[in-house]
Amino acid sequence: MDTLILAAEGPVNPVIPHTSEIILGLVAFLLLFFVIKKFVSPRFEALYAERTAKIEGGIEKAEQAQAEAQRTLEQYKEQLAEARAEAARIRDDARAEGLQIIEELREQAQAESARIVAQGQHQLDAQRAQIVAELRADLGRTAVELASKVVGESLEDEARRRGTVDRFLNELDAVAAPASK
């Protein structure tokens, strides 16, 4: 019997579903669409918005970090330039101070050298004067002894002897002075 009923209704198209299936499918679709629209879609939208915010916040943070890094780099470059300028200034100051110390030491050495030369000259003059005095005394004694022998009289008298020696030495100085000039 069942087979007859099917055949009695007419030819059945296997591609077209029954009306009850279409209505049931449509109700299920609308019910599923409502659940997705009401619960799932807002959840996805919230997650999408949260993820977008995180990404945009991350990009903004990255841009801020990059700007901060750039500022730090500029500060570092400024400090480095200042340090180099300070090092150059210190180096120049040290060089100038070194030259000044060298000049002061040179002046001290020249002053010390001049002092030593002057002291040596003074000692030479003193020794020369002493030697000249000793030579005059020796020359005077020798002259008196020779004169005593030549004259044949005693020149023991101190005043006479001194006058004779001084006169003789003055004559020698007078003769030696034009020759030394």
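In what order do the elements of the chain run from the N terminus on? They run α-α-α, and the chain of this predicted model has three helices and zero strands.

Begin with the whole chain displayed as a surface. The accessible surface comes to about 16100 Å², of which 62% belongs to carbon and sulfur atoms. Of the 181 residues, 3% count as buried.

Next, select residues 15-36, which an unreviewed UniProt entry lists as "transmembrane region". Over this stretch the chain is 82% helix and 0% strand, and the end C-alpha atoms lie 29 Å apart.

Then colour L31, L32, F34, V35, I36, F39, V40, F44 and L47, which make a nonpolar surface patch of about 880 Å². Within this group, F44 is found in helix α2, which spans residues 19-151. F44 counts as exposed because its relative accessibility is 56%, and the cut-off for exposed is over 50%.

Continue to the salt bridges, of which the structure holds seven. Select E50 and K54, whose side chains meet at 3.6 Å, N to O. Both lie in helix α2, four residues apart, about one turn of the helix. E50 is partly exposed at 42% relative accessible area, whereas K54 is exposed at 57%.

Move on to R89 and D93, where the closest N and O atoms of the salt bridge are 2.9 Å apart.

Finish at R115 and E112, a salt bridge with its closest N and O atoms 2.3 Å apart. These two residues of helix α2 are three residues apart; R115 is partly exposed at 43%, as is E112 at 35%.

Technical notes. Residues are numbered from 1 along each chain as its sequence is written. This is a predicted model: local features need pLDDT of at least 70, side-chain atom pairs count only at pLDDT 80 or more; totals for chains, interfaces and linings use all residues. Side-chain values use heavy atoms; hydrogens and water are left out. Patches are made of residues with over 30% relative accessible area and no salt bridge: like charges are joined within 9 Å, nonpolar side chains (Val, Leu, Ile, Met, Phe, Trp, Tyr) within 5 Å. Accessible areas come from the Shrake-Rupley method with a 1.4 Å probe; for residues, only the protein chains shown count as cover. A salt bridge is a side-chain nitrogen of Lys or Arg within 4 Å of a carboxyl oxygen of Asp or Glu. Buried means under 20% relative accessible area, exposed over 50%, partly exposed in between (1.4 Å probe, protein chains only). UniProt positions are given in the numbering used here, feature names are shortened, and annotations may be inferred rather than shown by experiment.
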